[in-house]
Amino acid sequence: YEYKVLGRMHDVSAYEFFQTQIDLNYRKKWDHLVISLDTIEVEEETKSELVRWIMRFPYPLYPREYIFTRRYCIEPNQRLLILISRS
């Protein structure tokens, strides 16, 4: 599947939203459903990360584990913030 998410928030800048998406430690603080959320590997050249995320779900569901690669790019001249995740 592929998803493209577009939206508008008047009280949050695009950069603040972007930082929230890539900051795993911050996610662990506010998301009470996170059991584990860690970067397994980082490749600086391509700005890509391998992430392992274990999430709690309500009973009778069991926790689920997600392993995905994500890359991001900031192009200030073109006013672009790009975040791509692939499981």
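This report walks through a predicted model, from its strands and core to its rings and turns.

Local features in this predicted model need pLDDT of at least 70 and side-chain atom pairs count only at pLDDT 80 or more, while totals for chains, interfaces and linings use all residues. Residues are numbered from 1 along each chain as its sequence is written, and side-chain values use heavy atoms, with hydrogens and water left out.

**Strands and their partners**

Let us begin with the strands. Helices (H or I, at least four residues) and strands (E, at least two) are DSSP runs, numbered from the N terminus. Two strands pair if DSSP finds at least two bridges between them. Strands β2 and β3 run antiparallel and are joined by eight bridges; in this pairing, arginine 52 stands opposite isoleucine 67 of β3. On to the next pair: β3 and β4 (residues 80–86) are also antiparallel, with seven bridges between them. Here arginine 70 faces serine 85 in β4 as its opposite number.

**The nonpolar core**

Which residues make up the largest nonpolar core? The seven are Leu24, Val34, Leu37, Val51, Trp53, Met55 and Phe68. The elements giving two or more residues to this core are β1 (34–43) and β2 (48–55), and β2 provides the largest share, three residues. A nonpolar core here is a set of buried Ala, Val, Leu, Ile, Met, Phe, Trp, Tyr and Cys residues joined through side-chain atoms within 4.5 Å. Buried means under 20% relative accessible area, exposed over 50%, and partly exposed in between, using a 1.4 Å probe and protein chains only.

Contact means heavy atoms within 4.5 Å. Leaving aside neighbours within four places in sequence, tryptophan 53 is in contact with Arg27, Asp31, Val34, Ser36, Leu37, Arg64, Glu65, Tyr66 and Phe68.

**A buried glutamate**

Is glutamate 49 buried or exposed? Its relative accessible area is 14%, so glutamate 49 counts as buried. This residue belongs to strand β2. The glutamate 49 side chain makes a polar contact with the side chain of arginine 70 at 2.7 Å. A polar contact is a pair of N or O atoms within 3.5 Å; within protein, one must be able to donate a hydrogen and the other to accept it, and residues adjacent in sequence count only if both atoms are side-chain atoms. Neighbours within four places in sequence aside, glutamate 49 is in contact with Thr39, Glu41, Val42, Phe68, Thr69 and Arg70.

**Aromatic rings**

Rings of Phe, Tyr and Trp (its six-membered ring) pair if their centres lie within 6.5 Å; planes under 30 degrees apart count as stacked, over 60 as edge-to-face and the rest as tilted. By this rule there are three aromatic pairs. In one of them, the ring centres of phenylalanine 18 and tyrosine 72 are 5.9 Å apart and the planes meet at 70°, so the pair is edge-to-face. This pair links distant parts of the chain, 54 residues apart: phenylalanine 18 is in helix α1 (residues 14–22) and tyrosine 72 in strand β3 (residues 64–75). Not counting residues up to four places away in sequence, phenylalanine 18 touches Tyr72, Ile74, Leu81, Ile82 and Leu83. Elsewhere, Trp53, Tyr66 and Phe68 form one aromatic cluster.

A charge can also sit over a ring, when NZ of Lys or CZ of Arg is within 6 Å of the ring centre and within 35 degrees of the ring normal. The charged end of arginine 64 does this over phenylalanine 57, at 4.9 Å from the ring centre.

**Loops and backbone details**

Where does proline 60 lie? Proline 60 is in the loop between β2 and β3, and a cis peptide bond with omega of about 15° joins tyrosine 59 to proline 60. Lysine 47, in the loop between β1 and β2, has a positive phi near 55° in a residue other than glycine. Arginine 79 lies in the loop between β3 and β4 and has a positive phi of about 55° although it is not a glycine. That hairpin has four residues between its strands.

Finally, here is how accessible several of these residues are.

| Residue | Relative accessible area | Class |
|---|---|---|
| Phenylalanine 18 | 5% | buried |
| Tyrosine 72 | 26% | partly exposed |
| Lysine 47 | 43% | partly exposed |
| Arginine 79 | 78% | exposed |
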